[in-house]
Amino acid sequence: MTATALPAADPPKLKMKQGNNLAMLIRQPVLLVTILLVFAVLFIFVVLPMITVFQLSFTTEEGGFSIQPLIDILTSDKGGYPSYRATFWNSMLLGVIVAICATAVGYLFAFATTRTEMRGKRFFDLVATLPIISPPFVLSLSIIFLFGKQGMITNGMFGIDDFEVKGLGGLVLVQSLSFFPVAYLTLRGILESIDDSVEDAAFSMGASRGHIFRTVTLPLSLPGIISAVLLVFIQSLEDFSNPAVIGGGYSTLAVEAYRVITGMNDTITGGMLAIILLLPTVAAYLFQKYWLRKKSFVTVSGKPTQVRRKLHEKHIVYPLFAACAIVTALVFMFYGTVLFGAFVKVWGINYEFTLEHFAYVFTLGADALLNSVELAAISAPIGGVLGMVIAYLTVRQRFPGRKLMAISSMLTFAIPGIVASIGFMYTFNHQPLLLQGTAIILVAMFTFRNIPVAIESGTTTLLSIDPCIEEASTISGADTGYTFRRVILPMRRNAFFSGLVYSFVRAMTAVSAIIFLISPKWSLATSKVFALFESSKFSEAAAFVMVLIVIIFIAIGVIQTIVNILLKPKAKAPEAAEIKLALSEGEK
Amino acid sequence: MKRIAICAAATALALTFSACSSSSDTIKDADGNEVAKELTIYTAMSEDELPTYFGGFEKATGIKVNYVRLSAGEMVTRIEGEKENPQATLAYAGASDAYIQMAAEGLLSKYASPELANIPDQYKDPDGYWNPIYVGAISFACNKDWFDKHTDVAIPQSWDDLTNPGLKGMVGMAHPSTAGTSYTVLATIMQLKGGKNIDDADTWAYLKKLNENVPQYSKAGSAPAQDAAMGEAAVGITFAHDALKIKAKGYPLEVTFPNDGTGDELGAVALLNNPNASEADIAAGKKFIDYMLSKEGQELYIDSASYRVPVNTQAKVADGLVTLDQLKIIDYDAKWAAQTKKELVAKFQEIVDNGQNVKTS
């Protein structure tokens, strides 16, 4: 017997018929308006650009409709390198390997920081957020400096001068390091919310720690694991920067899409490749939804629990600590290389100490930095709240088109940035939606491209919270909006926080999604870093990245503080003094 | 209610950003004509050189340049995507084949600068859409450290030297479909060895042989020079100005030119076909083109340490810079190259860079 085999406690709303759903909706105008609003923004900023991409892909040069390009891509061995079919399988293979590696590492960190009494948990928490907070190609550059043919480690330490770092191996390493924080953020939320008493019960009945992990903790964290695998898989598929820099001969779909669009000016094939990329993503997503729906993961039931000791046995904590330390060392080595590069005259050649690159960043790069911070700060809360709202609506409410909402909210996340960028450019370049050249188009891109992480972490925690808690609130007379604000959001504070941080960070570090959307007024930090990188100014790029990292760390601290203040659970047991006061007032 | 209020505030905030984006102020130039105070440009020029050129232009004319920097391919895609509602007045830098393509699609508007009088005819656009701003020859960026260690391999001086088996896996070249630079290389080899006959068997035999020394075709045109600088490759096929700029930073590069003939890239600038642009915008755009082609503008290549070769015969050249008259330059046919691109790249993928030749790495 495992915990997942508990009979699913169907929320009563599930049993209601469609007609009743509509009737329920009409009685709750706030809910109805929210649903309509969410549909409206999803339609404008997700579905419309997607339709544009489809139109571009299926329209021939003469203006007719044709699926010939799709057939060509699927059947031909020519045209691509080595062929689009091989490229497709390359992407799949890479995605699967990276998804497994990154989720395993993310789980390790999440488990260690939430369910044990290991030392240095705050520290490891910081380490696990470090890799997402830099533009990705920087890690790729580090790996070349460390492990390339003239690399500091391969050549400098071992004297190997023909080590091939480009290709599948290098990509797996860099992508796993870049994406494990996504898995970590998703898993931390769920592991934190597993009620200790479930594990305690097993322990007091005599189960060993290993047995408990296998039969209780691991199965209960399955929704998180699956979400993490899915998110990492999708990110690996649509990642452009890493394969472009160190993919070498290993071609992937996202890079091919970029290649045909900007190199051959062929938006038809490029859009088609993006559509092909959508298939595995949507399939993985549907599989996840179908699979999770059948099981119950409720452990937070609102019944009183006690604080108890977490895992502290030496034979468990020490190996965990060692494993975390090894990953940390790897992360530090990569970022240390960047940090080092930022302070030397010419990376790789002249190791004289200098601060001139930072002077460069704060003079010529200042505008772009401020723009990035401003837009990220606007889009993060919009994305964070919208993500929670969509998660709440799709998990807890029943209304027509619910699944459509769930799927469409994932789409912009799943296509390569360059194609999303094209979709936005073509869609929002004429009236009445003339947004090209404004900040709104960038905010919209950031919001809708990053929202799935907020939705996913929201969904997984929601699945572990018993609906009875909300019902208690509704029965006591609160409406849906009040329940959402006062009950749901505070209980999902961590998931909300993860969503906010992730949105902010991705907005600060997006590369290919903004290529066609930045404007003279709204130039962004990452496009500057990429431009510096292209003109071989590695040290300047490194300094830029360091400044970005510091800004993001400060921002995470600010977000944490705001979330804690805003969402501190308001209700608490009245203190003795208050009761006395109330009584005495009553007597008067 | 509070939530709605926050949303409304955010929207209002966003709208104020968009509202203050257009400023249509004008100034009077020396002849008393109205020109826009600010000019919007899409550019494929190296980011680090831009402050020199735009600063010089602003000092000379008082016009401020707002720009978006993209790669040449991205620039064309963007201008094409925005053609119904263009956002910029001018496209600046990037090789002439991009401009030939844009002209053919009706994305450019004609302008022949009076400064063209000082520029040799071979660099001019016969159709009068774009104006040339610099030339650069294809070169070999060689990593000196590598050649010091491998004394049995000579530093390449000709195209055939690149097929030396000693250089196996050590020649850096970008993919002709992604990098304009590399397409110029391919088109040069095709013109030099095959006389523009894209079915010439000997030329393809040469490219296949070269392919054995190229571990993979990188995506970015800037990558081969970087690879050579960092020792990832012994030789990178690239434009001389890109290689010399990296060399000037201290990387151990030696730049050589193929003595059997090399191709060149012609950088260009052009007005976009933009119905939204006012008379004053267009006047400012023309001023920009005139300035960049003038002696003063062309000599900025010295200040920016860009190693680009000016096209204006009046302009001074940086000390030690190899000018094109010192090299054996083929009569590169940019128009032929632009028109043949799709076919030639497809053939390249079919014959050279196909599935059978994938190297396990």
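**Entry 1: helix 7 of chain B**

What covers the buried residues of helix 7 of chain B? I looked this up in a predicted model, where local features need pLDDT of at least 70, side-chain atom pairs count only at pLDDT 80 or more, and totals for chains, interfaces and linings use all residues. Residues are numbered from 1 along each chain as its sequence is written, while chains are lettered from A and ligands numbered from 1 in the order in which they are written.

I found that the cover includes helix 6 and helix 13 (334–351) of chain B. Helices here are DSSP runs of H or I with at least four residues, strands are runs of E with at least two, and both are numbered from the N terminus. Contact needs C-beta atoms, placed from the backbone, within 7 Å.

I then listed the buried residues of helix 7 of chain B: Trp204(B), Tyr206(B), Leu207(B) and Asn211(B). Viewed down the axis of helix 7 of chain B, these buried residues fall within an arc of 155°, so they line one face of the helix. That arc is taken from the directions from the helix axis to the C-beta atoms. On the face turned away from the buried side I noted the exposed residues Ala201(B), Asp202(B) and Ala205(B). My cut-offs: a residue is buried with 20 or more other C-beta atoms within 10 Å of its own, exposed with 12 or fewer, and partly exposed in between, with C-beta atoms placed from the backbone.

**Entry 2: positive phi in chain B**

Most residues other than glycine have a negative phi. I wrote down Lys196(B), with phi near 65°, in the loop between helix 6 (180–194) and helix 7 (201–211) of chain B. Lys196(B) counts as partly exposed because it has 13 C-beta neighbours inside 10 Å.

Is Tyr307(B) buried or exposed? Tyr307(B) counts as buried, because it has 25 C-beta neighbours inside 10 Å. Its phi is near 60°, also a positive value, and it lies in the loop between helix 12 (300–303) and strand 13 (309–310) of chain B.

**Entry 3: the domains of chain B**

I read that chain B is divided into domain 1 (25–134 + 266–322) and domain 2 (136–264 + 326–357); such bounds come from an automatic or database domain assignment. Their C-alpha centres lie 28 Å apart. The contact takes 17 residues from domain 1 of chain B and 15 residues from domain 2 of chain B. On the side of domain 1 that touches domain 2, helix 3 (72–81), strand 5 (90–95) and helix 4 (96–104) of chain B each supply at least two residues. Helix 4 of chain B gives the most to that side, with five residues.

I also checked Pro86(B), in the loop between helix 3 and strand 5 of chain B. Pro86(B) counts as buried because it has 20 C-beta neighbours inside 10 Å. Leaving aside neighbours within four places in sequence, Pro86(B) is in contact with Leu272(B), Asn274(B) and Asn276(B).

**Entry 4: chain A**

Where is the kink in helix 8 of chain A? I found a kink of about 35° at Phe179(A), shortly before the proline Pro181(A). The bend at a residue is the angle between axes fitted to the seven residues ending there and the seven starting there. Helix 8 of chain A is mostly covered, with 22 of its 26 residues buried.

Last, I looked at where the chains meet: the contact takes 57 residues from chain A and 52 residues from chain B. The largest share of chain A's side, five residues, comes from helix 13 of chain A.

Key. Contact = placed C-beta atoms within 7 Å.
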